[in-house]
Amino acid sequence: MADERDEIRARINIVQLVGQRVSLKKAGKDWKGLCPFHDDKTPSFTVSERNGNYRCWSCGEHGDMFTWVMKTQNVEFPEALEILAEQAGVELTRRGPVVSKSERAQQRTAMDDALQFFQEQLSKSGPGKEYLERRGIDAESVKSWELGYAPDIGEALVQHLKRKGHPMDECKALFLIDQRTDGSYYDKFRGRLIFPIRDERGDLVAFGGRLLGDGNPKYINSSDTPLYRKSRVLYGMYRAKDALNATRRAVLTEGYLDVIACQRAGVTGALASLGTALSEDHAKLLRRWVDEVVILYDSDAAGQKAAERAIDILGAEGLAVRIALMPEGDDPDTLLKKEGPGAVLRSVEQGQPPLDFKIARLLEKGNPNDKEKFWPAAIEILATAPSDMELQRHLVHLAAMYPGIPEPLLAQASLRREVLARRRRDRGAPAARPRVSPPVIRAVSELLPAETMILGAFVGETFRSFAWSVMQESGMFTSHAGSGLAAVLLSSFPDGPPEGEPKLWLHLIEEESDRDLLIRIGDDPRLDRLDQKFLDDTVAKMRKAQETRKLGELKNTGQSSEILKRLKQLKPSYEKEKIDEM
């Protein structure tokens with residue numbers, strides 16, 4: 001078992017593993033990003049490739065690749081081991097009786113078998129292929145987005161899953177089938193184009209289905225299941241991750257076909273929420289990957305209302321927001337078909353700031369002559385202006401419509417006073433102080449500088465054998481932390497110093513506090529300049545200090561002959577200095 005875990009550690013890069021969920025950027029030796037375990041506003045989460053671990057310096061969450069899978073996928077260690085073994089291509093040795101697949105693995109197999117069924121049905125379905133052709137979705141898009149078809153037959157998928165040996169109650173929990181009052185089962189998706197839904201890691205977690213013709217509901221989406229939480233998954237995230245990381249911008253659309261249309265048009269950062277309005281969890285997920293979101297919702301009233309709500313949710317997470325406007329009656333899918341990719345790209349690039357969008361919406365819905373309703377709403381919007389320049393631009397525009405004050409400059413001054421008054425009222429309640437992540441403390445104050453250098457040399461590979469020999473010399477380490485850690489290392493590796501990066505052997509040190517101390521030592525920036533001469537000088541000073549301590553001990557016990565014997569072993573100048581002192 002230990003060998004299998006070591007093989008997994010050697011094959012899997014923890015930066016790439018964590019990077020499936022968190023956008024990471026290089027920061028010195030390590031990688032940094034927003035912590036996925038708490039509401040992180042400033043990056044306080046680090047991942048170390050050489051140590052094979054992660055740590056949030058704000059909330060304290062930390063661990064290795066096994067801990068990561070356990071906490072992010074809500075599984076126990078045996079299942080985390082299976083998941084990582086599968087990724088690493090490591091075959092686990094079974095001990096004792098044959099163990100059946102874990103529950104999570106069975107669920108994933110059921111989802112994969114359902115996807116295979118839907119894809120096979122699409123290849124046989126005349127109506128499905130006709131619908132795709134009518135919508136302008138080519139064969140390459142069908143293949144890359146794994147589209148399928150659910151036949152309009154009550155129990156086709158049920159029979160397929162039974163033949164594959166899947167328990168019906170498990171398939172029901174996965175929203176693949178449902179149960180009648182008489183206990184029989186039937187398909188949840190019937191007569192629908194099927195859109196597989198993958199999370200940001202690429203795992204198949206749910207399905208969405210669209211009717212090919214008229215009827216209601218037009219869409220059916222998987223409800224929350226053991227594999228899926230719709231408030232935490234965005235359609236297209238897995239395919240868009242590279243674009244999001246490169247541009248730090250996402251394009252948020254309303255549905256599956258919109259995402260596919262945007263991707264076909266070259267808008268590679270397109271995503272969609274699934275069967276639910278944009279949630280705070282969606283915004284937190286986006287915040288880990290991007291700095292800006294362009295909202296590309298439908299141009300109808302429902303789409304524009306949803307855009308207003310999304311502005312507030314995304315803004316609360318500190319994301320910059322713009323709203324893309326499309327021609328009346330169009331969505332990305334129809335715009336692509338009518339005017340081509342350039343029209344979709346232009347809509348994205350010409351997105352409005354939130355203030356412009358909200359004022360335009362107000363003017364579209366309201367009447368500037370209505371002082372009781374229109375102007376309080378306008379003041380509320382203007383009070384959110386991000387700069388005085390933005391405020392002034394809108395004041396000039398709106399002042400011309402202000403009733404009762406024909407002079408534009410006077411109208412502007414009146415509006416400005418009301419805006420400032422509104423801002424003062426909004427600031428009346430004391431704002432909560434922003435949480436500031438504590439600084440990362442790299443210095444290891446428990447150790448003497450020389451001890452840090454030798455133990456740091458042990459963490460690196462180049463001088464590990466040299467450091468190992470130094471640690472074997474009695475009395476070289478004098479601080480409590482240094483001598484304790486050296487003893488732990490010697491006992492942890494009785495056959496000699498370990499080989500390879502720390503991620504391959506760090507787990508063999510039993511106590512977490514000792515592992516953490518060694519990691520902190522390895523982060524000391526001075527270690528980047530280590531060379532053999534520096535280490536030789538460091539060891540010489542440690543030995544000299546050791547002799548000085550021994551001489552002091554002998555002097556206190558009155559052993560003059562032993563003192564002289566030891567002094568003869570030292571340099572002449574040092575001997576003369578000590579004899580003079582006596």
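How many bridges join strand S12 to S13? Three bridges join strand S12 (residues 249-253) to S13, and the two run parallel. Welcome to a predicted model, in which local features need pLDDT of at least 70, side-chain atom pairs count only at pLDDT 80 or more, and totals for chains, interfaces and linings use all residues. Residues are numbered from 1 along each chain as its sequence is written, and side-chain values use heavy atoms, with hydrogens and water left out.

**The chain as a whole**
- The chain's secondary structure comes to 26 helices and 15 strands, taken as DSSP runs numbered from the N terminus (helices: H or I, at least four residues; strands: E, at least two).
- Of the 582 residues, 48% count as buried, a term for under 20% relative accessible area with a 1.4 Å probe, protein chains only.
- Among contacts (heavy atoms within 4.5 Å) between residues at least 6 apart in sequence, 64% join residues at least 24 apart.

**The four-stranded sheet**
- An open sheet is formed by four strands in the order S13-S12-S14-S15, with parallel pairing; strands pair if DSSP finds at least two bridges between them.
- Strand S13 (270-272) and strand S15 (320-323) are at the edges with a single partner strand each, so one side of each has no neighbour in the sheet.
- From one strand to the next, the twist averages 30°; angles run from 0 to 180 degrees between N-to-C directions, and axes are lines fitted to C-alpha atoms, for helices over the stretch in contact.
- Valine 251 stands opposite alanine 270 in S13.
- Helix H10 (residues 237-247) packs on the sheet and touches S12 and S13, its direction making about 130° with that of S13.
- Helix H15 (residues 341-349) also packs on the sheet, touching S12, strand S14 (292-295) and S15, and its direction makes about 110° with that of S12.

**Leucine 455**
- Leucine 455 is found in helix H20 (residues 449-459) and is buried, with a relative accessible area of 0%.
- Not counting residues up to four places away in sequence, leucine 455 touches several residues, among them Leu447, Met471, Phe477 and Ile521.

**Arginine 50**
- In the loop between strand S3 (45-48) and strand S4 (53-56) lies arginine 50, which is buried at a relative accessible area of 16%.
- The side chains of arginine 50 and serine 48 are joined by a polar contact of 3.4 Å; such a contact is a pair of N or O atoms within 3.5 Å, where within protein one must be able to donate a hydrogen and the other to accept it, and residues adjacent in sequence count only if both atoms are side-chain atoms.
- Beyond its neighbours within four places in sequence, arginine 50 is in contact with residues including Lys29, Asp30, Glu501 and Asp523.

Key
Buried < 20%, exposed > 50% of the residue type's maximum accessible area, 1.4 Å probe, protein only.
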